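Have the viewer open beside you as you read.

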Amino acid sequence: MPKLTINGKEIEVPAGTNLIEAARAAGAEVPHYCYHPGLSIAGQCRLCMVDIDKVPRPQIACNTQVAEGMVVHTETDRVKDTRRSIMEFHLINHPLDCPVCDQAGECWLQIYYMKHGLYDPRMTDEKVHKPKAVPLGPHVILDAERCILCSRCVRFCDEITGTGELGIFQRGDHSEIGLFPGTVLDNNYSGNVIDICPVGALTDRDFRFQVRVWYLDSARSLCNGCARGCNVEIHTSKQRPHHNQGKRIARLKPRFNAEVNQWWLCDIGRYGFRWIDDDSRLTAPAVKTDGQAMETTWDEALAAVAGALGRHRPDEVGVLASPQMSNEDLWALRRLLDGLGVANRDFTVPPREPGEDDKLLLRADRNPNTRGATLLGLGPGPGGLDAGGILDAAAQKKVKCLWVLHHELTASGFAAARVNGALAGAETLIFQGTNAGLTSARASVVLPSAAYAEGDGTFTNFQGRVQRFRPAVTPLGEAQPDWRVFGRLAARVPKLAAAADPALGAERPDQVFAALAAAVPAYAGLTYRSLGDAGQMVKA
Amino acid sequence: MAEKILSKNFDVQGAHTLRGYRDGGGYRGWDKAKGMEPAAITEEVKRSNLRGLGGAGFPTGVKWGFIPKGSTAPKYLVVNADEGEPGTFKDRYILERDPHALIEGMLIAARAIDSRLGFVYIRGEYVQPWRAFSAAVKEAYDAGLLGPSVPGGGFDIVIHRGAGAYICGEETGLISSLEGMKGWPKVKPPFPAVKGAFGQPTIVNNVETLACLPHIVTRGGEWFAGLGTKTQGGTRLYSVSGHVARPGVVEAPVSVTLRQLIYDHCGGIRGGRRLKAVVPGGSSAAILTPDEIDIPMDVDGPKSKGSMIGSAGVIVMDDTVSIPDALMVVARFYAHESCGQCTPCRESTGWIYRMAHRIVEGKGRKEDLDNILDVAKRGAGTTICAFYDGAVGPYISYIEKFREEFEALIRSGAHA
Amino acid sequence: MADPKNPRFTEAQLAEVRRLQGLYPDKRGALLPVLHLAQDTFGYISLEIEAYVGTLFELSPAHVHEVVTFYTMYFQQPRGRHVVAVCHNLSCHLMGAKDIIEHCKTRLGVEPGETTADGKVTLLTVECLCACELAPMMQVDDRYEGLLTTDKVDGILGGLA
């Protein structure tokens, strides 16, 4: 590995590293626009100039690889002066419309002007005019006047998705990015061009004008849209609750994870968060009496569930757990069902329309925790029925208490008649989940779940990577995390209460996780702390 | 009058045909080169002090030497016939009137660099030159001079027509265009000799440069070097235009002075007027004043006056010319031809044109001149290719050398 | 003439496309020549032609559009039967290009970039065509015409069919 000196600091980095990354490793930030570590080198913006000893003039750091003994300076007067010039060039034809620009507050023109520009503007001639507010597709809108032609978006569509929708047309200062006339940018990764656009040229139609970015809070989380578990930040509007149309979650942004999603996030995941703040959210427990669902207290609802579980023999109980649930939720449920002796349990409900792998990020399995549900043993217990068997047994009134967690059975791949038979046949239908639907409407007891973004927890992705999500918002209304509900239920079952299972007695999700790590070999040794931001693999 | 070498066929009836070319001694250089080791050809060219005649003036033999030693990859010889530097027209003469000289030069260069495929990139507007050269290539194929029978594994020529973009005269812009893309120059490194056209080692040489090779091989590098100055060998073709009595292509040893070119070779200033200014090397070269023309027109002479020999396109301006008006014309050109790839050039060529245009429209402001100078100086040396540095040559020199004329115009508020 | 809105090369032209593609180590090298062929065939490069040519190269239409809009010689709108392109760069400017351009505008009744109402002539101003010894000069279709005077221009324009 070559050793080199950057700003007087000696570092050693792998051969092939460029000077932007090497400087980063040495704690120095080299400003840049066109360079992106996930894309090819374009060398277009010319901002990343650095001085190198024995080289007569500043060189672009993005296209200069480290060499043994190289001596690099990122903050010489000459470099600073060059940066100031390049900043001025970038802004010659820029409209300077920050007050009405959605990128304001997270715009690299603003940031670098304050850090590296601060020149006195002298361009008073007419600027070049280009198309403004052009929708490129369902998610992306273009303001070509704000564009600095860094070509990141073009390279993304060429190199990452291979779809090639975007180009830079014309030449000179009339160059502009755009689509071939009559086409749209609607590949499943289109939202990423918004993220990598360093300026306000490409903004999010969905997020636009909803809330100023400086009012946003951020939580490190995961996308729950498929089995990959892309790392995301959930951005929430809590400081100005009247903005963002009163919704708490404003947007999802991908968070780098080299092993999972790198810098990217698919559109299905990115825009799949609406359900969390949807009006259909279940916000209070409900119990049906005389065919009429009435909101009630948790105590009464849990009493109703405990009553049903006590009334029916274990083999008359069928539980449909969900790979949408966290490892913590699943493990607490597993302990509860083991304690009750319920073997009729499963988590695999076929989707109505099977998903497809797209060879990039999106997985055919649109559940975030199928691997966790498998490893944690939420499949049928000894002699137990699988999901289809449970439904059929309910229709035949062999399963009398049907407990459905998170599944909207009426929208599943099971035939409508089969689902209807089960829902009609069950004497007690418990629905536990986040959003109301046709299944919850028919339930005799409804338990409102906190959404994953409303608490702490982990998912295990298809690779076997256990990853943490952190609370972005608090549970809506009376909703509770499932693991806690299972604990409270266990407390109502004398046999279980006496067993004092650590997963069911937990006060916090990390305690549930510690319990499962102690019990399930695949998770042995893992803790919330050790998972860190990038997650850890389960034991093979 | 010195011996004509490169232009000896220009006015000979039928010299553009294979037969006519052979009658004048053509293909003897190739016949000799066929018996030479490739390295020996390169050595001969190094000895000749031949410098690239397209604009950059880089030593040709040295450039060939940049191909990685022992590389087994296919290597391409690319001919830059994208003549576009304003004030330059000499390659057109070679393509139309002496096309076999280029083919012969290509065969020699290809042997030196072990290339089996050559591309000739001819600017799209050059329809007649393209036809003339294509006819010559066909003759050469028919005669077995090209194709599989070329010793060393054969040699083919593909003629590629451009489509209208000055930047394609920049060697990596040309390569991008040859590859079927916009003519965006490539970020270097890698340099073309290592990774050029279609990702393979590539040598890009100008038409006139290659046309020198038959003579160098036939008569020796030493002879060629002796024709020129200490740092540059040979004669070259000067394109002289503007306010001279007899504009045209002039062949002269590179030691010829700019004054001799204007007054001896081209009959002086037309209508007996006074010389006001002269651009020595195509529009990208800094302008010179009448007291700066006693310089040899090799790579060093114009450099000594802060200009460059470039493509040796000499544009002569008499005392009727408005320099601010000339700057507007030149600035319009660079704004029009900036490829738009990198920021300093893309953004400032347009701005500088807008300022220059305002000045000649009588709307100049006193800060405009310093702004142009400052912007040009700040942008110089920061771009992907040499285009912007070329634009900076006229921006700075026109204003610095004729500042009073600009200031008077701005003060008066008159149209230029 | 072939329909630029519904472009299809003939079998012979497709064979030529394949021949051109075969000349280059990567067939994309033939994009400019094939666009020239398309313009010769269809008169100009319509969006439909861009998309069609894209299919011949397995290129997205956006990438063909980049190329077509970058170069000055590809016409994106129908042009006149003749194209008169007057150089306005430095040497021609010094030698009176401005007057030649004004004369063309007056005589043809169009601005540069426009085509006469009868569809005969498209007038352009262009950058250096590298025939400065003939300044002022212009290109009329394939031909260079130089040492222009207004009388000479009248003769040239008058001779266009």
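Predicted model: local features only at pLDDT ≥ 70, side-chain atom pairs only at ≥ 80, totals over all residues.

Residues are numbered from 1 along each chain as its sequence is written, while chains are lettered from A and ligands numbered from 1 in the order in which they are written.

**Chain A**

Helices (H or I, at least four residues) and strands (E, at least two) are DSSP runs, numbered from the N terminus. A residue is buried if 20 or more other C-beta atoms, placed from the backbone, lie within 10 Å of its own.

| Property of chain A | Value |
|---|---|
| Helices | 16 helices |
| Strands | 23 strands |
| C-alpha span along principal axes | about 85 × 50 × 40 Å |
| Buried share | 52% of 540 residues |

**Where chain B touches chain A**

Two residues are in contact if their C-beta atoms, placed from the backbone, lie within 7 Å. Chain B brings 25 residues to the contact and chain A brings 25 residues. On the side of chain B, helix 13 gives the most, with 10 residues.

**Helix 8 of chain B**

Helix 8 (residues 171–178) of chain B has 8 of its 8 residues buried, among them Glu171(B) and Leu178(B). Its cover includes strand 1 (76–81) of chain B and helix 2 (31–42) of chain C. Just after this helix, Gly180(B) takes a positive phi of about 90 degrees.

Terms used
Buried ≥ 20, exposed ≤ 12 C-beta atoms within 10 Å, placed from the backbone.
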